[in-house]
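Please look over the chain below before reading on. The report takes its helices in turn, then the loops, then the chain as a whole.

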Amino acid sequence: MLQETGFRLEALGYLVYRHVVSLRSVEELLGGMITLWWTRIKPLAERDREKAQNPRMFEWAQWLAERVAERRTGTESEPAFRAHADWH
């Protein structure tokens, strides 16, 4: 499951980098999950990178998680059901 998520976040990170998908959209939709996932998998990813001698494993997933974390630093995120309760 962790690797499957990693593969998906690799692709999503690259799409954000290439401006196909906005970082804001990804952050609003998946931001908390991405940062939590990276926090949990980072030690495993670093171990696997070393073991495989491949520093590029999960490179775009890490890049994306770091960009999302930068956007969230010092801000408090309100849940969508509250922030957009008046949407029609």
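## Helix 2: buried face

In this predicted model, helix 2 buries Val26, Glu27, Gly31, Ile34, Trp37, Trp38, Ile41, Ala45 and Arg49. Two tryptophans, Trp37 and Trp38, are on that list. So are the charged residues Glu27 and Arg49. The cover over these buried residues includes helix 1 (2-17) and helix 3 (59-72).

Glu50 also belongs to helix 2. Is Glu50 buried or exposed? Glu50 counts as exposed, because its relative accessibility is 66% and the cut-off for exposed is over 50%. Arg49, by contrast, is among the buried residues of the helix.

Helix 2 covers residues 23-52, 30 residues in all. How far apart are its end C-alpha atoms? They are only 30 Å apart. A straight helix would reach 44 Å at 1.5 Å a residue, so helix 2 falls short.

Helix 2 also has a kink of about 80°. The kink is centred on Leu30. Gly31 is one of the buried residues of this helix. Just after helix 2, Gln53 takes a positive phi of about 50°.

## Helix 3

Helix 3 has 14 residues. From first C-alpha to last, helix 3 reaches 20 Å, close to the 20 Å expected at 1.5 Å a residue. Helix 2, in contrast, is short of its straight-helix value.

Which residues of helix 3 are buried? They are Trp60, Ala61, Gln62, Leu64, Ala65, Arg67 and Val68. These residues pack against helix 1 and helix 2. Just after helix 3 comes Gly74, with a positive phi of about 80°.

Val68 also gives a distance to check in the model. Glu50 and Val68 are 18 residues apart in sequence. Their C-alpha atoms are 25 Å apart in space. Glu50 is exposed, whereas Val68 is buried.

## Positive phi in the loops

His19 sits in the loop between helix 1 and helix 2. Its phi is positive, about 65°, although His19 is not a glycine. His19 is exposed, with a relative accessible area of 73%.

Phe58 sits in the loop between helix 2 and helix 3. Phe58 is not a glycine either, yet has a positive phi of about 60°. Where His19 is exposed, Phe58 is buried, at a relative accessible area of 8%. Phe58 counts as buried because 8% is under the 20% cut-off.

## The whole chain

The protein chain has four helices and zero strands. From the N terminus, the order is α-α-α-α. The C-alpha atoms fill a box of roughly 50 × 25 × 25 Å along the principal axes.

Of the 88 residues in the chain, 27% are buried. Take the contacts between residues at least 6 apart in sequence: 70% of them join residues at least 24 apart.

## Surface and charge

The protein chain exposes about 6,700 Å². How much of that comes from carbon and sulfur atoms? They supply 54%.

The side chains include 13 positive and 13 negative ones. The centres of the two sets lie 3 Å apart.

Terms used: Residues are numbered from 1 along each chain as its sequence is written. Side-chain values use heavy atoms; hydrogens and water are left out. The bend at a residue is the angle between axes fitted to the seven residues ending there and the seven starting there. Buried means under 20% relative accessible area, exposed over 50%, partly exposed in between (1.4 Å probe, protein chains only). Contact means heavy atoms within 4.5 Å. Accessible areas come from the Shrake-Rupley method with a 1.4 Å probe; for residues, only the protein chains shown count as cover. Lys and Arg count as positive and Asp and Glu as negative; His and the chain ends are not counted. The place of a charge is taken as NZ of Lys, CZ of Arg, CG of Asp or CD of Glu.
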